[in-house]
Amino acid sequence: AEFINNLAELNDGQDFPAQVLRELHAAIKTTPLKWAVDDEADLGGAEDAMPEAGPVMLGSNPFLAPASGDGIIYKKGYIMRKCCTDPNGKKTSFGKRSWKMWWCVVQDLVMYLYKDEQCGRRNAQHAPPPQLGSQAIRLHHALATRAHDYNKKQHVFRLLTADQAVYLLQTSDSK
């Protein structure tokens with residue numbers, strides 16, 4: 001009943017069919033969503049199913065796969081990035097909060113960050129684009145705004161991602 005009440009009027013102002021919600025709740029209760037479990041102990045051996053190597057994907061939605069290398073590339077170039085809040089919503093530790101330069105490729109709904117342009121070119125020939133040591137930030141449901149309150153550098157914008165991470169990004173110009 002609580003599950004049904006929590007979803008009241010979320011179907012374009014209407015309620016979802018109660019029977020469908022009951023079945024959905026029973027299915028989730030029987031087989032919990034692995035990515036929604038808080039503690040690793042609750043996963044019950046699912047750690048073995050996780051990939052051992054690959055790009056660091058910053059984001060919590062497992063249904064968004066990395067790009068295959070043939071998606072739409074919107075922008076490429078060097079960018080300065082400062083992590084303010086980690087993807088778990090906690091403030092980034094002091095040692096990891098400094099500005100760092102990255103070669104950035106925005107492809108589909110992912111921002112790939114490489115240590116330099118050569119790594120970006122080399123990785124663009126392989127699928128998925130990022131290799132071990134690079135990073136990818138998922139841009140689904142993200143919000144980018146000018147960082148008016150940050151005046152130490154020019155052309156800085158704040159990126160808030162769906163997984164509660166906050167980044168400051170500095171570009172070469174306001175465009």
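## A contact at Gln170

In this predicted model, a polar atom of the side chain of Gln170 lies 3.2 Å from the backbone oxygen of Gln154. Gln170 belongs to strand S8, which covers residues 166–170, and because its relative accessibility is 17%, below the 20% cut-off, Gln170 counts as buried.

Leaving aside residues up to four places away in sequence, Gln170 touches Ile79, Met80 and Trp99, and also the residues Lys153, Gln154, His155 and Val156.

## The chain as a whole

The protein chain contains 3 helices and 8 strands, and these elements follow one another along the sequence in the pattern α-α-β-β-β-β-α-β-β-β-β. Of the contacts with a separation of 6 or more, 50% are made between residues 24 or more positions apart.

Buried residues account for 29% of the 175 residues in the chain, while the accessible surface amounts to about 12,300 Å², with 53% of that area belonging to carbon and sulfur atoms.

## Confidence in the model

The average pLDDT of the protein chain is 76, and 71% of the residues score at least 70. Over residues 40–55 the pLDDT is below 50, and this stretch has 9 contacts in the model beyond near neighbours in sequence; over residues 60–67 the pLDDT is likewise below 50, with 17 such contacts. Where pLDDT is low, predicted coordinates should not be read in detail.

Conventions:
Residues are numbered from 1 along each chain as its sequence is written. This is a predicted model: local features need pLDDT of at least 70, side-chain atom pairs count only at pLDDT 80 or more; totals for chains, interfaces and linings use all residues. Side-chain values use heavy atoms; hydrogens and water are left out. pLDDT is the predictor's confidence in each residue, from 0 to 100. Contact means heavy atoms within 4.5 Å. Helices (H or I, at least four residues) and strands (E, at least two) are DSSP runs, numbered from the N terminus. Buried means under 20% relative accessible area, exposed over 50%, partly exposed in between (1.4 Å probe, protein chains only). Accessible areas come from the Shrake-Rupley method with a 1.4 Å probe; for residues, only the protein chains shown count as cover. A polar contact is a pair of N or O atoms within 3.5 Å; within protein, one must be able to donate a hydrogen and the other to accept it, and residues adjacent in sequence count only if both atoms are side-chain atoms.
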